[in-house]
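Let's take a walk through this protein together, one stop at a time. Have the sequence and the 3D view ready.

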Amino acid sequence: ISLPTQLGCPVACDFCISKENKFLGNLTAEQMVYIINEAKKHITNDKFVISFTGEGEAYLNSKNIQQVIDYFSKENDVLFFRICTSGIKINSLNSIQSNEKPLHLQFSMHSPFDIQRKRLIPKTKLLTDIIKSIEE
């Protein structure tokens with residue numbers, strides 16, 4: 001289940017369709033739980049992944065994402081959680097954790113060159129700083 005974390009996105013990455021939408025705010029944990037429960041009604045697999053990869057930058061809504069992970073962490077049909085980030089809030093990478101299920105981090109680099117990344121993702125950090133935070 002690919003889940004949005006925000007309505008619109010304040011990051012405005014050049015390649016992302018979300019930049020066309022005005023940022024309206026973070027989804028609440030309750031809203032995300034509702035979306036997941038509605039999506040579960042249509043899943044044909046016995047097991048699934050909850051992936052915070054939809055509209056929005058996940059680490060800009062870490063508090064609500066953590067509540068969603070806590071809510072679903074004991075469900076047997078959830079294989080693992082995935083957090084997708086462009087590395088905007090590198091100081092917050094450890095703010096989302098899962099004790100019961102694996103938590104995968106998907107870093108979307110978009111370019112290995114800082115100058116080009118800055119054109120694509122105006123609010124990016126330096127790649128060396130992002131990689132250091134991921135390693136930590």
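Our first stop is G56, which sits in the loop between β3 and α2; helices (H or I, at least four residues) and strands (E, at least two) are DSSP runs, numbered from the N terminus. This is a predicted model, where local features need pLDDT of at least 70, side-chain atom pairs count only at pLDDT 80 or more, and totals for chains, interfaces and linings use all residues. Residues are numbered from 1 along each chain as its sequence is written, and side-chain values use heavy atoms, leaving out hydrogens and water.

G56 counts as partly exposed because its relative accessibility is 22%; buried means under 20% relative accessible area, exposed over 50%, and partly exposed in between (1.4 Å probe, protein chains only). Its contacts (heavy atoms within 4.5 Å) include T5, Q6 and C9.

Now turn to helix α1, residues 29-40. Which of its residues are buried? They are A29, M32, V33 and I36. Seen down the axis of α1, these fall within an arc of 100 degrees, so they line one face of the helix; the arc is that of the directions from the helix axis to the C-beta atoms. An α-helix has 3.6 residues a turn, so residues three or four places apart point the same way. The buried residues of α1 are covered by elements including β3 (48-52) and α2 (62-72), while E30 and Y34 are exposed on the face turned away.

Finally, visit S86, in the loop between β4 (78-85) and β5 (103-107). S86 counts as buried because its relative accessibility is 8%. Among the residues that S86 touches are E57, H110 and R117.

Terms used: The expected span of a helix is 1.5 Å times one less than its number of residues.
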